[in-house]
Amino acid sequence: MGLSQADAARRLNVSRSVVQRLWDQYQSENSVSRRPLVADHFQASGRRISATTVRNRLHNAGLYARRPVVCVPLNGRQRRNRLCWAREHVSWTQQQWASVLFTDDYRGGGILVWAGISLGGHTDLHVFHGGTVTGLRYRDETLDLYVRPYAAAIDNNFILMDDNARPHRARIVEEYLEDHGLERMEWPARSPDLNPMEHLWDYLGREVASLNPPPRSLHELKQGLLCVWSSLPIPVSDNLINSMGNRCRQCIQVRGGHIPY
């Protein structure tokens, strides 16, 4: 798919060292399959031992299997803010969530895209062409082109959800929202697990990867992303938004910590 090792690690939710090790193994052995330790021992010594014996010896030496969990670190203040936000929204009705446009941007394969979803619909997918996304570009290329027209089509209770990225909080963005009467949802920092949009990037990546033939250039990748997004089934995004109540409840249960989303 043309992903860098860092992008592949993020996509697979593993450390970059894992991707590097597998790539090195593939180049040298043309395979990334694991060889059981028991089989390795038999090949080296000619003696057969059980898997239980291997585990016991490793545990006695203080060695245990661990799956790395990649999470955004949270300090005490951030956990309290997440907990407060979850408590404020845990009782929201479907009608209240229907007024929210959840937005996010995603970078992968050398392309940066932006989109938004709400109950019953979604914006078009926007592809940023080169350069850094500043507050000015965020205002002109997303808020003015997509968010304001979308807000007019929902109702007077429209609420924009975006994260706390620096361009999103620029003064010109704040002024634009105020001038056009667009309400923004207060969003706790470091909370991608609370945003249903995050799951759609995984969906988008899988669908694009399954195209036949797969994209082989940035232009083909862009066209594939636009094509898949335009045919996004509404029930897919609706199901994610309908999970907000459960996300809030789980966040409350863990006192503002990470939730398994």
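**Strands 1 and 2**

I began with the strands and noted that strand 1 and strand 2 (residues 111-118) pair in the antiparallel sense over seven bridges, where two strands count as paired if DSSP finds at least two bridges between them. Helices (H or I, at least four residues) and strands (E, at least two) are DSSP runs, numbered from the N terminus. The model is a predicted one, and I kept in mind that local features need pLDDT of at least 70 and side-chain atom pairs count only at pLDDT 80 or more, while totals for chains, interfaces and linings use all residues. Residues are numbered from 1 along each chain as its sequence is written, and side-chain values use heavy atoms, with hydrogens and water left out.

Arginine 107 stands opposite leucine 112 in strand 2. I then followed strand 1 (residues 100-108) to strand 5, to which it is joined by three bridges, the two strands running parallel; here valine 100 has isoleucine 159 of strand 5 as its bridge partner.

**Helix 7**

I next compared the length of helix 7 (residues 135-154) with that of a straight helix: 20 residues would span 28 Å at 1.5 Å a residue, but helix 7 spans only 25 Å between its end C-alpha atoms. The expected span is 1.5 Å times one less than the number of residues. I also noted a bend of about 50° at leucine 143 in helix 7, the bend being the angle between axes fitted to the seven residues ending there and the seven starting there.

Which residues of helix 7 are buried? I listed Gly135, Arg137, Tyr138, Glu141, Thr142, Leu143, Tyr146, Val147, Tyr150 and Ala151, with buried meaning under 20% relative accessible area, exposed over 50% and partly exposed in between (1.4 Å probe, protein chains only). These buried residues of helix 7 pack against strand 1, strand 2, strand 3 (121-122), strand 4 (126-128), strand 5 and helix 8.

**Salt bridges**

I counted seven salt bridges in the structure, each a side-chain nitrogen of Lys or Arg within 4 Å of a carboxyl oxygen of Asp or Glu. In one of them, the side chains of aspartate 193 and arginine 82 meet at 2.9 Å, N to O. Because aspartate 193 lies in the loop between strand 6 (183-184) and helix 9 (197-209) and arginine 82 in helix 5 (residues 76-89), this pair ties together parts that are 111 residues apart in sequence. Aspartate 193 is buried, with a relative accessible area of 7%, and arginine 82 is buried at 0%.

I then looked at arginine 184, whose side chain meets that of glutamate 174 in a salt bridge of 2.9 Å, N to O. Arginine 184 lies in strand 6 and glutamate 174 in helix 8, so the pair ties together parts that are 10 residues apart in sequence. Arginine 184 counts as buried at 15% relative accessibility, whereas glutamate 174 counts as partly exposed at 35%. Salt bridges that share partners join Asp162, Arg169, Glu174 and Arg184 into one network.

**Around arginine 82**

I returned to arginine 82 and listed its contacts, meaning heavy atoms within 4.5 Å; leaving aside neighbours within four places in sequence, they include Leu74, Pro188, Asp193, Cys251 and His258. Arginine 82 and histidine 258 are 176 residues apart in sequence and 9.3 Å apart in space, C-alpha to C-alpha.

**Nonpolar cores**

Finally I looked up the nonpolar cores, each a set of buried Ala, Val, Leu, Ile, Met, Phe, Trp, Tyr and Cys residues joined through side-chain atoms within 4.5 Å. Which residues of the largest core touch the most other members? Of its 34 residues, I noted Phe102 and Trp229. Among the elements that give two or more residues to this core are helix 5, strand 1, strand 2 and helix 10 (218-230), while its largest share, six residues, comes from helix 9. A second, separate core has 18 residues, including Tyr146, Ala151, Phe158 and Leu177.
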